[in-house]
Amino acid sequence: MPDPAAPDSPALRTLQAIQLLTDALDRMHSDLTRRMEMHTSDLRALRMLAIREQQGTAVTPHAIAEHLGITTAAATSLIDRLVRDRFVQRARHPEDGRSRIITLTPKARQHFFAHFSRHLSVMQELIGATDTTELNSIADFLEALSERIADPDSGRSATSDPDAGQAASAHSS
């Protein structure tokens, strides 16, 4: 069995590529934050709202606070700022009248696209030059990786967790 830590290992190369991608995304987000003249947390909230919108998921102020790792009071201030700048709007939650959902405005989409379009065109160019079968494999891998990073315990079985067997044997004795 090949050594996954060997310099020419596909596993090591993949991990290093993920590091490079993460670094590039950090730099892209810093650039967007600066050019859009926004707080980092504001841009993160807008990105979350765009993704959840694509997924068809309603976003509450509590969900924003949880996603950003901030208090609900801080999330309220952030949302107030985004409402004031006309990037988001509040609406009644369709299932819970006491709650509100936060949605993007057309202005937010236009503003974001104006600043993100350069990055998007580079991505689309690379995607266009990549084979469909490869793209499907890459998408499958990135989706699975995203799910696992978001919830490290998802998809793990007792056999894939080296500590699970030790814990089980310790409790049975």
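Biologist: What share of the 173 residues in the protein chain is buried?

Modeller: Buried residues make up 20% of the 173 residues in the protein chain. Keep in mind that this is a predicted model.

Biologist: OK. How much accessible surface does the protein chain have, and what share belongs to carbon and sulfur atoms?

Modeller: The accessible surface comes to about 12400 Å². Carbon and sulfur atoms hold 56% of that surface.

Biologist: How many helices and strands are there?

Modeller: The protein chain has seven helices and two strands.

Biologist: And in what pattern, read along the sequence?

Modeller: The pattern is α-α-α-α-β-β-α-α-α.

Biologist: What about contacts between residues 24 or more positions apart?

Modeller: Among contacts with a separation of 6 or more, residues 24 or more positions apart account for 40%.

Biologist: Let's look at helices. How do H2 and H3 pack?

Modeller: Helix H2 covers residues 40–55 and helix H3 covers residues 61–68. Their axes are 10 Å apart, and the packing angle is about 120°. That angle makes H2 oblique to H3.

Biologist: Is the crossing left-handed or right-handed?

Modeller: H2 passes H3 in a right-handed crossing.

Biologist: Which residues meet there?

Modeller: From H2 there are Ser 41, Arg 44, Ala 45, Met 48, Leu 49 and Arg 52. On the H3 side they meet Ala 63, Ile 64, His 67 and Leu 68. By class, the contact of H2 with H3 has six nonpolar, two polar and two charged residues.

Biologist: Now H2 and H4. What angle do they cross at?

Modeller: The axes of H2 and helix H4, which is residues 72–84, cross at roughly 80° and come within 10 Å. The two helices are therefore roughly perpendicular to each other.

Biologist: Which residues make that contact?

Modeller: H2 supplies Ser 41, Asp 42, Ala 45 and Leu 46, while H4 supplies Leu 78, Arg 81 and Leu 82. The residues of this contact of H2 with H4 divide into four nonpolar, one polar and two charged.

Biologist: Back to Asp 42. Where is it, and is it buried or exposed?

Modeller: Asp 42 is found in helix H2. Asp 42 counts as buried because its relative accessibility is 3%, and buried means under 20%.

Biologist: What is Asp 42 in contact with, neighbours within four places in sequence aside?

Modeller: Asp 42 is in contact with Leu 78, Arg 81 and Leu 82.

Biologist: How far are the C-alpha atoms of Asp 42 and Leu 78 from each other?

Modeller: Those C-alpha atoms are separated by 6.6 Å. Along the chain, Asp 42 and Leu 78 are 36 residues apart.

Biologist: Changing topic to loops. What is in the loop between H1 and H2?

Modeller: Glu 37 is found in that loop, where H1 is residues 10–36. The phi of Glu 37 is near 55°, a positive value in a residue other than glycine.

Biologist: Is Glu 37 buried or exposed?

Modeller: Glu 37 counts as exposed because its relative accessibility is 75%, and the cut-off for exposed is over 50%.

Biologist: And what is phi for Arg 86?

Modeller: Phi of Arg 86 is near 60°, again a positive value in a residue other than glycine. Arg 86 is found in the loop between H4 and strand S1, which is 88–92.

Biologist: Why does Arg 86 count as exposed?

Modeller: Arg 86 counts as exposed because its relative accessibility is 55%, and exposed means over 50%.

Terms used. Residues are numbered from 1 along each chain as its sequence is written. This is a predicted model: local features need pLDDT of at least 70, side-chain atom pairs count only at pLDDT 80 or more; totals for chains, interfaces and linings use all residues. Side-chain values use heavy atoms; hydrogens and water are left out. Helices (H or I, at least four residues) and strands (E, at least two) are DSSP runs, numbered from the N terminus. Buried means under 20% relative accessible area, exposed over 50%, partly exposed in between (1.4 Å probe, protein chains only). Contact means heavy atoms within 4.5 Å. Accessible areas come from the Shrake-Rupley method with a 1.4 Å probe; for residues, only the protein chains shown count as cover. Axes are lines fitted to C-alpha atoms, for helices over the stretch in contact, and angles run from 0 to 180 degrees between N-to-C directions. Angles under 35 degrees count as roughly parallel, over 145 as roughly antiparallel, 65 to 115 as roughly perpendicular and the rest as oblique. A crossing is left-handed if the near helix is turned anticlockwise from the far one by less than a right angle, and right-handed if clockwise. Ala, Val, Leu, Ile, Met, Phe, Trp, Tyr, Cys and Pro count as nonpolar, Asp, Glu, Lys and Arg as charged, and the others, Gly among them, as polar.
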